[in-house]
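Work through the exercises below with the model open. Try each task before reading its solution.

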Amino acid sequence: MTTELDPQESVFRKAVGVEVRGGVIVAKRLYARPYRASDKPNLPNVFARIVAGGEKAAEERAVEFVRRYGPIGYVSLWVREHKTPWPAEVPKGDPLAWVLGQARSVRFCARLIESLSNLDARGVVRVLRENLVERSVTELGIQSDDPEVKEQVFSWIEGIKRTDQFVWLGRAANAREKVFAMARQLIVAMVNGNTQGVRPRALRIAPSGRLEPAVVAPTLIENIWWKLGEWALTAEARGERGLVRLCKECGTPFLVTDRRQEFCPGPPGQGSTCGYRYRKRRLRARQKGSGTDGQAEEGEEGPE
Ligand SMILES: [Zn+2]
């Protein structure tokens, strides 16, 4: 069974009775009322936050994500790829390990976009070192049909593994540009590789009631990757720094919708939970010892 589509747009439903059964996140049923994932520009931020802390918290957050936004699409992707119905004996849902892997890939890609959008070459290298050395290319969701791209990625990884410090950064005249080209190549491979079912539609009616171009993404995970592509496009097209930022509390990248934002955006109509946690921690540090609050703060680190 594939996800049912609105004629204009991909719509999804919140889930009820969500639990992990045999390593798979399953839902009893879905809410009747649909929502449009395309109207949520910070969906990649919410999804990447699943892996912003410890492993156990990550499991709980993955379940919470499915509760709030619905199944992310493993079943639909599997059926599309295998062209056979879902096997009846297998629980129908998103395997937990797959969800966590996707969340890590989205976080990795979002951090590349953040560094690139702020023209931070050292940041790009740091993100690559933290992610590429430990994990395989496939695990990170870097998919490309182009063997040259794959080869290129492997050679970068080898380079990163060999060199402790990127001393060449800032020496060669075009070193920075090379690093940015590398980041762009990876972003393209990851976003395109994970949006195979996304296709443009000529028009849709926007929430404002006016016409605008539309994109149909059949699964929630493809919506998340497509949004990530939009983050990268927004940052490059506008050429402004600071459009994608790292949350001051949990280190997860988010798309800035208000210039003053410093934390992950909260649920609609509510404040940022990261902002709340940050202020609470700062207050506690201040109460502990007046005059040393600055130090106490720095000693205490966020989940990242
Ligand atoms: Zn945050």
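Helix H8 is followed by Gly239, whose phi is positive, near 60°. Helices (H or I, at least four residues) and strands (E, at least two) are DSSP runs, numbered from the N terminus. This is a predicted model: local features need pLDDT of at least 70, side-chain atom pairs count only at pLDDT 80 or more, and totals for chains, interfaces and linings use all residues. Residues are numbered from 1 along each chain as its sequence is written.

**Exercise 1.** Compare the span of H8 (residues 220-238) with the span expected at 1.5 Å a residue.

*Solution.* Take the expected span as 1.5 Å times one less than the number of residues. H8 has 19 residues, and 27 Å is expected. From first C-alpha to last, H8 reaches 27 Å, close to that value.

**Exercise 2.** Find out whether helix H4 (residues 96-117) is largely enclosed or in the open.

*Solution.* Start with burial: a residue is buried if 20 or more other C-beta atoms lie within 10 Å of its own, exposed if 12 or fewer, and partly exposed in between, with C-beta atoms placed from the backbone. In H4, 16 of the 22 residues are buried, so the rest of the structure largely encloses this helix. Next, look just past its end: Leu119 takes a positive phi of about 50°.

**Exercise 3.** Describe how helix H2 (residues 55-69) packs on H4.

*Solution.* The angle is about 95°, and the axes are 10 Å apart. H2 and H4 are therefore roughly perpendicular (65 to 115 degrees; under 35 is roughly parallel, over 145 roughly antiparallel, the rest oblique). Ala58, Glu59 and Ala62 of H2 meet Leu96, Val99 and Leu100 of H4 (contact: C-beta atoms, placed from the backbone, within 7 Å).

**Exercise 4.** Describe strand E6 (residues 199-205) and its pairing with strand E7 (residues 211-216).

*Solution.* Count buried residues first. E6 has zero among its seven, so it lies largely in the open. Now pair the strands (DSSP must find at least two bridges). Five bridges join E6 to E7, and the two run antiparallel.

**Exercise 5.** Is Thr219 buried or exposed?

*Solution.* Locate Thr219 in the loop between E7 and H8. Thr219 has 26 C-beta neighbours inside 10 Å, so it counts as buried. Then check Val11: it is 208 residues from Thr219 along the chain, yet their C-alpha atoms are separated by 8.9 Å.

Definitions and conventions. Axes fitted to C-alpha atoms, helices over the stretch in contact; angles between N-to-C directions. Contact = placed C-beta atoms within 7 Å.
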